[in-house]
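Here are a few notes to read with the model open beside you. I have kept them in numbered points so that you can check each in turn.

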Amino acid sequence: MGIVWGDSRNFDRFPVLKATRLRIKGVTDMANGTKRIKVSPYLWHIMAITLVCAILYYLPVIAGMAGWTVARDNLGIFHDFYGIDFYALVFFAPVVYTAYMLGVQWAIVVAIISTVLIIPYAIAFDPYPNVMFKPASFGIILSAVGAVVAMLQRSDEQRRQSLKELKCLYDIGRVAEENDSIEHFLMAAVTLIPQATRYPGEAEVRITLRDKVLQSPGFDEKGGKLLKEDLMLSGEALGRIEIYSTHGYAYLAKQQPFINTVADRIVSAVHEIELALSLQGYYTQLEEMVEKRTADLEETREKLIRSERLAAVGELASGVGHELRNPLNVIRNCVYLLKMGMDEKADEETLNTLKLLDRQIDISNRIVSDLLDFTRIRPPTRSKVDLNGLIKESLSWVAAPDKTKVTADFNGKSPQVKIDAEQIGRAFANIISNAYQAMNGKGGELKVAIDADDAYAWAQFTDNGCGIPAENLTRIFEPLFTTKPKGIGLGLAITRRLVEQNSGVVSVASKVGEGTTFTVKLPLNERS
């Protein structure tokens, strides 16, 4: 098949010649100013190296033309030194350089050019009869060396590229393990993927996942070549990964298998992160459910214990209350008769003993009354009551110890509350009695204050006694709980029942060593 060198279509039949024509065309267009194409700097390097090699090869001829006969003869020896042309060996330099930088095709072109440069010397100065044999064989050797170097270079480049891709996949997997945020993971992947391409500085990545779009800084797809792959999970497209490069599509297309693998790895990592987040949410929800169920069980247990205590108190009150009160009345009568039978000159110690006995009978009667009252509190009979007057009346029911000061601050208010006056009065009396006991009879101050809003009025009783430990604050209203050496722990339990029966609320705040404040909140109008 003949080739018409004037027809540019013939260049397309040979890849090397086609590439050469494109290079020459680019240079020509640059000279004409019609199109600027950047010529690879490697071509200039190759041309310079080849020119230097040609000068070295023809150095004896140049010396002879300059009239340096001795230099020409001495240098010419190496053209045929034991049958070997050592000057021709310098042409290995441009061929090897070209093979390493541009590949085997350009290496063959340079080998042919080097052979052409040798032919004139072989024709003019070679003494052998077959002058074309040495250039032809040398050209073949140059081409073979160029091909071997190019293959080795390509193999080394592929190995390094494979290492970069494997490192990228490893880093993506490591980032997926360390991150519990899909957005942070994808941003890390956008940073890692360009580093695995052949030209990291010219590659940009964009990852679209559902409603999230993450891309390289300064991402611009205009003027670049696109390589893309869908992110598929169980047949569903979650998004897409796109790589743009300004270098060219040919090298980018070779990395399609790598991009496919990266897409699969990203989908797998995203799925794992979503599962982990879902499990974390489930664990959190489960913990909340367990905590709520535990709190419910604890509350139920406390109610059960309280019910058991109430049942025990009720049984105790019904079975023992009357049986204790009768002997106490007999003892009181006996004490009275003893007092009546004594004359004015009776022994003082005996009189004090009888008074002590009388006080102990009162204490015992109060305990029996508490037991009976706790188990049979009647429903409240509500009416409008002046809160100020009720508090003053309650204060009068309990004798204040010596050196104890009582301060009442009503702020000029006199709220009318809808309550059972007897029951709330007893509740106030219990709180006042506890305040006096907390001050241990060593003096102190009890402050009483009231206030009101549109729906409620409240009374506060504040003492500066010993205070209540924090661990006991939640138990002081439990039946039979007490820290006092005397009493059975029913006073505050009765107080809460009386207040709650009247649609009120009683609360407590205390600090050890500073005192305690009881607040009783009561409705202004009747509530169910």
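1. A word on burial to begin with: buried means under 20% relative accessible area, exposed over 50%, and partly exposed in between (1.4 Å probe, protein chains only). At 75% relative accessibility, S234 therefore counts as exposed. S234 sits in the loop between β3 (225-233) and β4 (236-245), and its phi is positive, about 55 degrees, although S234 is not a glycine. Helices (H or I, at least four residues) and strands (E, at least two) are DSSP runs, numbered from the N terminus.

2. Please keep in mind that this is a predicted model, in which local features need pLDDT of at least 70, side-chain atom pairs count only at pLDDT 80 or more, and totals for chains, interfaces and linings use all residues. Residues are numbered from 1 along each chain as its sequence is written, and side-chain values use heavy atoms, with hydrogens and water left out.

3. Do look at S503 as well, a residue other than glycine with a positive phi near 60 degrees. S503 belongs to the loop between α15 (491-501) and β10 (505-511). Is S503 buried or exposed? With 17% relative accessibility, S503 counts as buried.

4. Helix α2 (residues 41-57) packs with helix α5 (residues 92-102) at an angle of about 170 degrees, their axes being 9 Å apart. That makes α2 roughly antiparallel to α5 (angles over 145 degrees count as such). Axes are lines fitted to C-alpha atoms, for helices over the stretch in contact, and angles run from 0 to 180 degrees between N-to-C directions.

5. In that contact (heavy atoms within 4.5 Å), the α2 residues include Y42, I46 and C53, and the α5 residues include P94, Y97 and M101. The residues of the contact of α2 with α5 divide into ten nonpolar, three polar and no charged. Here Ala, Val, Leu, Ile, Met, Phe, Trp, Tyr, Cys and Pro count as nonpolar, Asp, Glu, Lys and Arg as charged, and the others, Gly among them, as polar.

6. An open sheet of five strands runs in the order β6-β8-β9-β11-β10, with mixed pairing (two strands pair if DSSP finds at least two bridges between them). Its edge strands are β6 (404-409) and β10, each pairing on one side only. From one strand to the next, the twist averages 15 degrees.

7. Within this sheet, β8 (residues 444-452) and β9 (residues 456-463) pair in the antiparallel sense over seven bridges. V448 stands opposite F461 in β9. Helix α13 (residues 421-438) packs on the sheet, touching β6, β8, β9 and β11, and its direction makes about 20 degrees with that of β9.

How values were computed. Parallel < 35°, antiparallel > 145°, perpendicular 65-115°, else oblique.
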